[in-house]
Amino acid sequence: MTAPATVLRPHAEQEHAAELAALAANDDRAKPPNWNLSPWAVVEYLLGGTLPDGTVITPKYVGPRRLIEVAVATLATDRALLLLGVPGTAKTWVSEHLTAAISGDSTLLVQGTAGTSEESIRYGWNYARLIAEGPSAAALVESPVVRAMRDGKIARLEELTRIPADVQDTLITILSEKTLPIPELGDEVQARPGFNMIATANNRDKGVNELSSALRRRFNTVVLPLPDSAEAEIEIVSRRVLELGTSLQLPAEAAELAEIRRVVTVFRELRSGRTEDGRTAVKSPSGTLSTAEAISVLTGGLALATHFGDGVLRPHDIAAGIHGAVVKDPVADRAIWLEYLETVVRERDGWSDFYRAGQEIS
């Protein structure tokens, strides 16, 4: 597929088509059936590197290499992959790039919600044709999962634990038998080699539907952690802010490292309940304060600086975004934020502008 020039966010296989082609040209390792790249090349695509011909592969994920190796190895077996973690740990991002590298198609996607039905995972019907002609293959509307089975590709299922339990169980036969019966036609769909599934779920949501033991056994679970170090998180945030700023035509170069470091520091300290020097304990708010939220705060700050400021990202441009990310509960979280401003931010060298901006917003 070729990415249209007017698309706000191209699919991974479109945006990184040149890198995927270069990896394929340099890939002489064994490939599982119907994979575009070998497992080694898939890991290189996710984590980045330099190919023998000098092509630079940009990192798509910054984190432990072994986790990505385990995820890729899982997809080369008959076990499905479940990416688990708190919100904002790049589960969807990793899922998209894995399918782009393996199948060349990241669009075979089912979005899990409380309203997801069996038809979303199995198949539905074109009711006009069904009424006119009766049950037939022509009246069948295949789900993304069925298309992945027919083509030997990877299907994606987002937010698995948000799907009702009885609908989740639809997956058991598909994942264990690699077959989907169609009793209305007296037929079935049998998966071609290369078919598998990547599901994502987060472990912080309330009111979710826990997986049954039967379904959990069909998945190999890989937990994606929050970044270990501040430097790793700053690298992730800087990279994504640059990419988003470019796509939104914002001057991403205006996002100075000092402001990126400030946002990441605030998020990490409130998340961990302790300042970066380990000397002061702070209370943690109710929100997750994920890396994805830090990226959103900085992107919003860039928009403010571009359209209502002098084009340079400054503390007052990010203060409102941080306040919105931290204060989810208007009473408890607001008290935690004000205490953090007074006990930590106010005393920190070089943070006086941010302290004043935080006070104004609060």
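The second largest pocket of this predicted model is lined by Leu8, Arg9, Pro10, Glu15, Trp93, Arg240, Glu243, Leu244, Thr246, Ser247 and Leu248. Here a pocket is an open set of points on a 1 Å grid over the protein atoms alone, where a 1.4 Å probe fits and protein lies on both sides within 12 Å along at least five of seven lines; lining residues have an atom within 4 Å of a point. The model is predicted, so local features need pLDDT of at least 70 and side-chain atom pairs count only at pLDDT 80 or more, while totals for chains, interfaces and linings use all residues. Residues are numbered from 1 along each chain as its sequence is written, and side-chain values use heavy atoms, with hydrogens and water left out.

The volume of the second largest pocket is about 200 Å³, a volume being the space filled by probe spheres set on grid points that are joined across faces, edges and corners. Helix α12 contributes most to this lining, with five residues; helices (H or I, at least four residues) and strands (E, at least two) are DSSP runs, numbered from the N terminus. Sorted by class, the lining of the second largest pocket comprises five nonpolar, two polar and four charged residues. In this scheme Ala, Val, Leu, Ile, Met, Phe, Trp, Tyr, Cys and Pro count as nonpolar, Asp, Glu, Lys and Arg as charged, and the others, Gly among them, as polar.

Turning to the largest pocket, its space amounts to about 690 Å³. Its lining has 33 residues, and Gly88, Thr89, Ala90, Trp93 and Ile236 lie nearest the centre. Two or more lining residues come from each of α5 (91-103), β10 (196-202), α12 (230-247) and α14 (291-308). The largest share, six residues, belongs to α12. By class, 15 nonpolar, nine polar and nine charged residues make up the lining of the largest pocket.

Helix α5 deserves a look of its own. Its 13 residues should span 18 Å at 1.5 Å a residue, and the end C-alpha atoms are 18 Å apart, which agrees; the expected span is 1.5 Å times one less than the number of residues. Twelve of the 13 residues of α5 are buried, where buried means under 20% relative accessible area, exposed over 50%, and partly exposed in between (1.4 Å probe, protein chains only). Among these buried residues are Lys91, Trp93, Glu96 and His97. Glycine 104 follows α5 and has a positive phi, near 70 degrees.

The structure also holds 25 salt bridges, each a side-chain nitrogen of Lys or Arg within 4 Å of a carboxyl oxygen of Asp or Glu. Glutamate 233 and arginine 268 form one of them, at 2.8 Å from N to O. This pair links distant parts of the chain, 35 residues apart, with glutamate 233 in α12 and arginine 268 in helix α13 (residues 257-272). Glutamate 233 counts as buried because its relative accessibility is 0%, and arginine 268 is likewise buried, at 18%.

Another salt bridge joins arginine 65 to glutamate 69, with the closest N and O atoms 3.1 Å apart. The two residues are separated by about one helical turn, because they are four residues apart in helix α4 (residues 65-75). Arginine 65 is partly exposed at 34% relative accessibility, as is glutamate 69 at 27%. Arg65 and Glu69 belong to a network of salt bridges with Glu44 and Arg66.
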